[in-house]
Amino acid sequence: MISLLDIAERIQTGEKVEEKQWDMELFKTISSLVKKYGIEFPGGDCFINIDNSLPERAFEAAIECLEKLGIYCITTKRRVKLGREETLRAIREAPSEILMGEGRDRRVWRQRKIEGREKLNVCPGHHTPYTEEIAPLVVKNFAQITRADFIEGFNFSKVDGREIIGPPMEVYASRRQMGWMREGIRKAGRPGMAIVYYPINTRAEDLICVMDPDYGLRRTDGILLSLLPDLKMEQDMLSAAIVYEEYGAFKISGSFAMAGGFCGGVEGAIIEGIAKPIAAMIAYRDYIHYTGVEHIHMLNAKEILLPGVNWARSVVNQALNRFTHTICMRWVIPTSGPGTELNLLEIAMQSIEAAVNGMNLYAPRHCRTAINHGQTPLEAEWMIEIADAVIEQEFNRETASVLITKIAELFENKTPQEGYSITECYDLIHHRPNPDYEKVYNNVKSQLKALGLKLF
Amino acid sequence: MDLSKLSPKHNEFLDFLKQTIIEINEEKAVEMAQRIIDEQIDPWLAIKYSIAEAAKIVGEKFDCGDYFLPHLVMAGDLIEKLVAILEKGIPSDKLEKKRVIVIGTVRGDMHSVGKNIVATMLKAGGFEVHDMGVDVPSSSFIQRAIEVKADMIALSSLLTTTMPYQREVIDELKSEGVRTQFKVMIGGGPVTREYAESIGADGYGKDAIEALEEAKRLLA
């Protein structure tokens with residue numbers, strides 16, 4: 001595989017390109033590849049792709065995209081060129097499973113298969129900000145979820161009552177994040193559970209300062225090192241990737257594409273959605289990715305659903321599962337906030353998709369998360385419950401599509417609901433939703449049972 | 001906008017210009033802008049009717065998912081080019097000074113997508129926009145705002161740990177005694193209107209459309 005030092009050289013010696021030029025080149029290249037490879041949304045209520053030839057064409061388009069464009073380093077404003085053969089070799093040599101955690105909490109994360117019958121790996125949270133007052137208790141609650149395989153950190157704005165501003169305070173806060181995470185998993189009786197550090201910031205010092213087998217990130221833990229949208233990388237992230245390769249920690253990446261952005265519509269997002277995890281694997285050695293396609297307007301909670309987004313997401317994951325070793329996760333990211341019916345319905349829809357498209361499950365949280373206002377453990381348990389039912393009932397892409405279509409009908413004429421903070425709708429002391437939220441949960445559960453999903 | 005005094009032919013010219021901008025047809029739009037000057041149609045009508053209406057429609061097309069971010073960028077660039085052509089037909093003493101906005105993502109934050117959308121919407125909306133990119137030190141915002149005689153500084157942040165830099169810009173503006181010279185608008189994923197008020201920002205945009213409306217309101 002291309003070494004990280006090769007990438008380090010290329011970000012210093014590659015062709016100089018202004019960012020705007022890169023953005024427009026990406027749009028033009030992807031637009032022409034969409035036409036060349038005949039990638040087209042079939043229209044209507046198509047939520048899951050069942051055309052087996054499309055992922056193959058989309059994969060070819062993504063490889064050609066990487067060959068034509070490479071990766072853009074926003075720090076040095078240079079293009080990292082990638083040859084077709086070295087990209088294909090990197091894909092072949094990537095692992096399809098990752099060992100993490102230690103002792104009795106050691107787990108293996110694996111690439112799932114399309115319509116696979118194996119249970120999904122789970123990261124229940126966080127990737128959403130919490131205040132320091134409730135942080136260790138929040139971590140404990142998420143770590144208490146038995147099916148959780150690893151748990152991710154979170155951002156916050158104050159530490160020891162002080163505002164986090166500037167690198168020294170960020171470094172201190174980064175280490176406190178790891179402290180709370182370690183404390184939380186111990187309190188939950190899962191001391192060996194793998195933790196993924198959520199970078200407070202993307203400066204090299206913030207990324208590397210948590211490396212500490214005793215009190216911070218262990219060799220069996222991981223770090224989130226994501227490529228930016230539009231196939232862009234950062235020099236400091238690469239520095240951290242080099243350090244963590246030596247240290248031994250695994251790396252995960254946010255590798256979805258954003259429809260409506262420079263990749264164009266959902267068809268273009270398919271190409272970027274396949275190319276991006278491959279690029280992240282080459283640039284930072286990321287092997288676990290939250291993959292797929294989102295839409296700018298959905299991430300902004302303007303629309304619950306937009307035509308073609310779910311379909312595009314399925315094409316991306318089917319292509320990655322068939323032609324690469326990428327370990328895909330579905331970042332379940334509802335447009336409505338916790339404590340609401342729409343939030344749980346959206347999570348159900350996305351968990352069904354994950355189960356049949358070969359994905360694992362990752363951190364369900366409100367797309368416009370605010371401090372203490374992103375998720376509760378109930379949504380994580382709910383996504384597991386749904387995915388397990390889908391596996392148990394042996395849903396395939398066609399039958400899952402029928403169920404998703406019925407759920408989508410429940411969103412008609414609805415707008416995203418803001419929801420509640422974790423302390424408003426969840427009892428962190430007793431690890432259960434408050435009575436009002438429990439009613440909402442039971443109601444949604446009844447609705448899904450009526451639609452044919454066997455839930456207990 | 002009263003176009004009733006124009007001949008039907010000249011009305012058609014203005015509509016044609018509007019349509020070519022919506023379609024982002026640079027060649028035809030530039031040709032028509034030049035023709036408007038040659039035919040001695042008041043360039044203000046082209047700016048305030050054709051361009052303003054077209055910018056609004058381009059924004060709506062983005063909002064409903066027909067257009068993508070690159071379309072916004074191309075439309076913004078085209079509008080800038082057309083305004084430069086049309087302004088040549090306006091006597092210098094009658095030129096209206098464009099409202100100037102300096103925009104960027106604050107120090108330590110590398111996220112650009114939301115900021116790019118807002119910047120292009122503002123540009124298409126008729127503002128002169130100076131996009132400083134990402135990871136911009138607070139003092140650089142102020143320095144550039146002073147240099148270009150900006151009316152507003154727009155600050156984006158996507159991380160809770162970079163939000164304090166939005167406040168830092170406001171604090172530095174105060175300490176340098178220039179706070180009243182600039183409106184400050186903030187936005188970004190974790191940013192709320194309450195936060196904007198708490199740090200003394202003048203405005204807040206939840207998304208690009210809201211940011212454009214807020215900028216128009218603040219700089220009216």
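Modeller: This is a predicted model. Let us start with chain B, where the domain assignment gives domain 1 (8–92) and domain 2 (100–218).

Colleague: What is the separation between the centres of domain 1 and domain 2 of chain B?

Modeller: The centres, taken over C-alpha atoms, are 27 Å apart.

Colleague: How do you know that the two domains of chain B touch, and how many residues take part?

Modeller: Two residues are in contact if their C-beta atoms lie within 7 Å. By that test, 12 residues of domain 1 of chain B are in contact with 10 residues of domain 2 of chain B. On the domain 1 side, helix H3 (43–63) and helix H4 (69–87) of chain B are the elements that give two or more residues. The largest share, 7 residues, comes from H4(B). By class, this side has 8 nonpolar, 2 polar and 2 charged residues.

Colleague: Why does the radius of gyration of chain B agree with that of a compact globule?

Modeller: For 220 residues the globule rule gives a value near 17 Å, and chain B has 18 Å, so the two agree. The C-alpha atoms of chain B fill a box of roughly 55 × 40 × 25 Å along the principal axes. Its secondary structure comes to 9 helices and 5 strands.

Colleague: And why does chain A agree with the globule rule?

Modeller: Chain A has 456 residues, for which the rule gives a value near 23 Å; its radius of gyration is 21 Å, and therefore it agrees. The box filled by its C-alpha atoms is roughly 60 × 50 × 35 Å. Chain A has 16 helices and 19 strands.

Colleague: What share of chain A counts as buried?

Modeller: A residue is buried if 20 or more other C-beta atoms lie within 10 Å of its own. Of the 456 residues of chain A, 60% count as buried. In chain B, buried residues make up 53% of the 220.

Colleague: Which residues touch the most other members of the largest nonpolar core?

Modeller: They are Ala58(A) and Ile271(A), in a core of 232 residues. Helix H9 (residues 266–284) of chain A gives the largest share of this core, 13 residues. The core also draws at least three residues from each of domain 1 (8–92) and domain 2 (100–218) of chain B. Leaving aside neighbours within four places in sequence, the contacts of Ile271(A) include Ile30(A), Leu33(A), Ala58(A) and Cys263(A).

Colleague: What makes strand E3 (residues 97–100) and strand E4 (residues 107–110) of chain A a pair?

Modeller: Two strands pair if there are at least two bridges between them. E3(A) and E4(A) are joined by 4 bridges and run antiparallel, which meets the condition.

Colleague: Lastly, how many residues of chain A are in contact with chain B?

Modeller: There are 32 residues of chain A in contact with 19 residues of chain B. The chain A side has 15 nonpolar, 10 polar and 7 charged residues.

Terms used:
Residues are numbered from 1 along each chain as its sequence is written. Chains are lettered from A and ligands numbered from 1 in the order in which they are written. This is a predicted model: local features need pLDDT of at least 70, side-chain atom pairs count only at pLDDT 80 or more; totals for chains, interfaces and linings use all residues. Ala, Val, Leu, Ile, Met, Phe, Trp, Tyr, Cys and Pro count as nonpolar, Asp, Glu, Lys and Arg as charged, and the others, Gly among them, as polar. The radius of gyration is taken over C-alpha atoms; the globule rule is 2.2 Å times the number of residues to the power 0.38. A residue is buried if 20 or more other C-beta atoms lie within 10 Å of its own, exposed if 12 or fewer, and partly exposed in between; C-beta atoms are placed from the backbone. Domain bounds come from an automatic or database domain assignment. A nonpolar core is a set of buried Ala, Val, Leu, Ile, Met, Phe, Trp, Tyr and Cys residues joined through C-beta atoms within 7 Å.
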